[in-house]
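Please look over the structure below before reading the notes on its helices and its sheet.

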Amino acid sequence: MSSLISQQSGGVLWLRLNRPKARNGIDSELRDALRDALSGADLDRSVRAIVIAGEPDFCVGADLSAADAAPPENPLDYRTPMLPYQDLFRRLWELETPVVSAVRGRVAGIGWMLALLADLVVASDSAKWTHVFTRRGMAPHAGDPFFLPRVLPFHVLNEIALLGDTVTSADLRQWGAVNRLVADDDVEKTAGELAERLASGPTLSLGQAKRLYRRSLVSDMTTAFAEESAAIAMLSGTEDRAEGTASLMEGRRPKFQGR
């Protein structure tokens, strides 16, 4: 059975991690399947939003028991195994298709990035989050030191990483990292509703909004202004831009097509 179940309903693609015995720990097979699914979805015009889910646990990080997780003989060789994981999370970060994460159960290690690099995060009020790296005598890795400071407040991240205490979805909601805090049974329903809303929107515009905000975190003002102008110019000739204007003038709800 595949470690990643991909199911499309209308314009929404559901990506379900399917390694329940490993608590959805990510091995090389699942990592590569996620990378390929995300990349393919961004090129598929029929996919207008994505939901990432896993049960009973969302994702407890890399599967250290997997055969491909054996430590290298030379410590310097640890650099190489990180590259495919860095690539996975870079692709998730740069994806133009809107992404919703549906989080239940446990989240640990690199599972934080899989959850929090989504555009909208729906989390169960019973979910438990543990950063875990320093608990195991490791440094944060796989892109974590780049991405999480762009998602979480600096001193909050220090507490999470240095103390290693388990935190709740309510904590993350208070810190601004969770969009919807719901009962366990409502996680996928709520995530699906948000994804449907995104899928019915002007997805070219949404993709540019995502890109501009993320790029602004690593660029200077001059570059950000230039990219903003380029995005406006690119969208000006789209059918959705024309529909947005027409629906406003005609006093009706817009019908966007992602074109």
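The buried residues of helix α7 are V187, E188, T190, A191, G192, L194, A195, L198 and A199, where buried means under 20% relative accessible area (1.4 Å probe, protein chains only). The model is predicted, so local features need pLDDT of at least 70 and side-chain atom pairs count only at pLDDT 80 or more, while totals for chains, interfaces and linings use all residues. Residues are numbered from 1 along each chain as its sequence is written, and side-chain values use heavy atoms, with hydrogens and water left out.

**Helix α7**
- The buried residues of α7 pack against β2 (12-17), β3 (49-54), β4 (99-103), β6 (120-124), β9 (180-182) and α8, contact being heavy atoms within 4.5 Å.

**The sheet**
- Six strands form an open sheet with mixed pairing, in the order β1-β2-β3-β4-β6-β9; two strands pair if DSSP finds at least two bridges between them.
- β1 (4-9) and β9 stand at the edges, each with a single partner strand, so one side of each is left without a neighbour in the sheet.
- The pairing of β6 and β9 is parallel, over three bridges.
- A123 stands opposite L181 in β9.

**Helices α8 and α9**
- Helix α8 (residues 203-216) packs with helix α9 (residues 221-236) at an angle of about 175°, and their axes are 10 Å apart; axes are lines fitted to C-alpha atoms, for helices over the stretch in contact, and angles run from 0 to 180 degrees between N-to-C directions.
- That angle makes α8 roughly antiparallel to α9, a term for angles over 145 degrees.
- α8 contributes L204, S205, Q208, R211, L212 and R215 to the contact, and α9 contributes T223, E227, E228, A231, M234 and L235.

Conventions: Helices (H or I, at least four residues) and strands (E, at least two) are DSSP runs, numbered from the N terminus. Angles under 35 degrees count as roughly parallel, over 145 as roughly antiparallel, 65 to 115 as roughly perpendicular and the rest as oblique. Buried means under 20% relative accessible area, exposed over 50%, partly exposed in between (1.4 Å probe, protein chains only).
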